[in-house]
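Please read it alongside the sequence and the structure shown here.

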Amino acid sequence: MSQAEQYEKCPHQYELQRLRKVKPRPAAWSHQGTAFHAAIETYEEGGRTLAEGEVANVFHVEYVAATKQALADEPNLDNWLTAGTDGKSDIEARYARGLEQARSYVRWAEDHKPAIWKDRAGALGIERHLTADIGGVTVQGYVDQLLDQPDGSVRVRDLKTGSMKSKFQLKTYGVLARKVLGVVVNHADWYMAKTGKLSRPIDVTGVAEEEVAEKFAVLDASVKAGHFPAKPGFHCRFCSVSHACSFRSR
Ligand code: SF4
């Protein structure tokens, strides 16, 4: 799923990372996101019985383990990707931010009580790995949450610790959920950990399979044709394989 977006952003980055297997520079924001997702998944899977301190502790354990491993692989903090600060400060700041974000989610869930959808077997709609053929391409995605709606439909929700939002991702998740789970999906949204609030929902009622299929078909054909032009731009500052790229925009 993120492959299509990566290709669209910069085909050369796709090539460097996925085909030439360039080792990406580590970034604390990536560990923050992973640890936050693990904490919220544990909380939701446990039926929201954990206190906010316990959920924050899941974040702590996951974040510390992930950063330790990444530091063992890349001890030179000057080589870590940051959004302007130094590597050490970034790791520390994101640890503190992630702990508070995990706590804040618990408070938000206790206040708003979102109803997690369950399938016929009773399995919760959390971190669902959905795979389907879309336009002749095998597409897969991990849907963070599926929620029951008053009109009988199911809402797709993505949890975000960063600011980058992708409507295409939510549209694709909507198509995948309909196709794989057989549910009606009319709306999708993001839970923004930075603000502790939901985004405005996007209406995906009219998003047909063909609409998202086009982008995957382009990706598939381009990769098969070996078409990987560089698309330098502002995003080069956050490119994890920029050290192997000669087109980088500064
Ligand atoms: S540095 Fe910029 S141009 Fe080079 S691969 Fe990364 S995103 Fe593409």
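## An exposed loop residue

Thr-205 counts as exposed because it has 11 C-beta neighbours inside 10 Å, where exposed stands for 12 or fewer other C-beta atoms within 10 Å of a residue's own, buried for 20 or more and partly exposed for anything in between, with C-beta atoms placed from the backbone. Thr-205 is found in the loop between β6 (202-203) and α7, and its C-alpha atom is separated by 8.7 Å from that of Val-184, which is 21 residues away along the chain.

The model is predicted, and local features need pLDDT of at least 70, side-chain atom pairs count only at pLDDT 80 or more, while totals for chains, interfaces and linings use all residues. Residues are numbered from 1 along each chain as its sequence is written.

## Chain and fold

The protein chain has seven helices and six strands, taken as DSSP runs numbered from the N terminus (helices H or I with at least four residues, strands E with at least two). Their order along the sequence is α-α-α-α-α-β-β-β-α-β-β-β-α.

| Property of the protein chain | Value |
|---|---|
| Span of the C-alpha trace along its principal axes | about 50 × 45 × 30 Å |
| Buried residues among the 250 residues | 32% |

## Nonpolar cores

A nonpolar core is a set of buried Ala, Val, Leu, Ile, Met, Phe, Trp, Tyr and Cys residues joined through C-beta atoms within 7 Å. The largest such core holds 25 residues, of which Val-156, Tyr-173 and Ala-177 touch the most other members. At least two residues each come from α1 (2-9), β1 (126-134), β2 (137-148), β3 (154-160), α6 (167-181) and α7 (209-225), and α6 gives the most, with five residues. Beyond its neighbours within four places in sequence, Tyr-173 is in contact with Gly-141, Val-143, Val-156 and Ala-188, contact being C-beta atoms, placed from the backbone, within 7 Å. Another core, of 17 residues, lies apart from the largest one and includes Ala-39, Ile-40, Tyr-43 and Val-55.

## Ligand surroundings

The ligand is surrounded by 16 residues, the closest being Cys-10, Cys-236, Cys-239, Ser-242 and Cys-245, where a residue is near if its C-beta atom, placed from the backbone, lies within 6 Å.

Note on methods: Contact = placed C-beta atoms within 7 Å.
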